Each structure stands twice: as C-alpha cells, then as structure tokens.
Amino acid sequence: MNVKETHIKGLLIIEPKIFKDERGYFFESFSERDFNKFLGDIKFVQDNESKSTYGVLRGLHFQKGEYAQSKLVRVVKGKVLDVAVDIRKNSKTFGQYHSIILSEENKLQFFIPKGFAHGFAVLSDEVIFQYKCDTFYSKENEGAIIWNDKTLNIDWLLPEKDVILSEKDKHHPTFEEYKASII
C-alpha cells in the first residue's frame, strides 16, 4: 500500500496495491501488519457499513473524550466526498478540513485519527460505505457540527437542494458554538 500525508497532521490517504487480470481484481483492504508500520499499534474494534442514495449527507460527527474514535473509511460501491475537520483544540490546523473523493473506482481509503469531525456526501446514485473504528460507539459521548457551517465553508460538491439529511443532522451546533464549548 502507498500512504500519502495530507496538509493536516495525522490524516492519511491510503492507496492499496491492486492486482487486476481478466477475472477482475484483488487487493488487501486492511493488513494490520502493514497499517501499523505507518501508524503504530492501532486496534480496530468495530466495523460499520452504510448504504445511502444520491444526496445523502451524513455528518459532521465525532465521539468525545475517552470514546474518541480513529476511523479507516472506504467506499465499496459508488462515490462520496469524504470530509474530516480538525477539532483538536491545540492543533495548528484546528478548524481546517481535508476532503477527498472516495470511490469504487479509485479504491482509496482515508485514515481519520481521534480528534476529527467526519462526514460524507453521496455523489453517485447509491453508495456502500465501510469504516473501521478503534473505539466502540457511545451515544452519550457523540458530538457533531452542522454540515453547512459558514466558518468551515465546506464545498460538499452537491447543490443544497439535493442534500438529504437525517432529522438529527439538521440541528447540530455551529463550529463557533462547538469552539466555545471546549474553551
């Protein structure tokens, strides 16, 4: 696998080695040995999968405190814009984000360490999205930032009229409200 750093410390793009022939393709979607060469000893404890249709936007979610999660995300089918926002209050890149297209064609993976809000927007007719987490989900320790926050100013690559949100994702605090809650 090839690992590329982003402009935000800790966010990594992982490009697997793909073997193709007339039968199709094969690749290792995860190898603990190879992964830990780059990131140390991370133990994933939960795998999640979601299926969504065009325009669905999930995010920007995070887990707080001891329940903060590192994630390794990828698309099995379709295409998304995946976004990670640095919410580590002492980070030089606090409040900055990195976005990347993940698709069944490019087979890229995105490693998001603890201390980031995460979300994705579905750009294809349908998507199957998978991710590994290194901490179990805790409802009591979930947090979020509103997807269309003016300070973050994320271009989700979707017309606003096409965005489909859960009822919960319509009512998250702004980034400024989040920032005020941690200072």
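Begin with the contacts across the whole chain of this predicted model. Of the contacts in the protein with a separation of 6 or more, 79% are between residues 24 or more positions apart.

Next, colour the protein by secondary structure. Two helices and 13 strands can be located. The radius of gyration is 16 Å, close to the 16 Å that the globule rule gives for 183 residues, so the protein is as compact as a globular protein of that length. Turn the view to follow the principal axes: along them, the C-alpha trace spans about 55 × 40 × 30 Å.

Now display the surface. The accessible surface of the protein comes to about 10,200 Å², and carbon and sulfur atoms account for 50% of that area.

Then select the charged side chains.

Is Lys71 buried or exposed? Lys71 is buried, yet this residue has no salt bridge. A salt bridge would require a side-chain nitrogen of Lys or Arg within 4 Å of a carboxyl oxygen of Asp or Glu, whereas the nearest side chain of opposite charge, that of Asp82, is 8.4 Å away from Lys71.

Which residues does Lys71 touch, not counting those up to four places away in sequence? Show Phe110, Phe111 and Ile112, then His118, and then Tyr131, Lys132 and Cys133; Lys71 is in contact with each of these residues.

Conventions
Residues numbered from 1 in each chain as written. Predicted model: local features only at pLDDT ≥ 70, side-chain atom pairs only at ≥ 80, totals over all residues. Heavy atoms only, no water. Buried < 20%, exposed > 50% of the residue type's maximum accessible area, 1.4 Å probe, protein only. Lys, Arg positive; Asp, Glu negative; His and termini not counted. Contact = heavy atoms within 4.5 Å. Helix = DSSP H or I, 4+ residues; strand = E, 2+ residues; numbered from the N terminus. Rg over C-alpha atoms; globule rule 2.2 N^0.38 Å. Areas by Shrake-Rupley, 256 points an atom, 1.4 Å probe, with all protein chains shown as cover.
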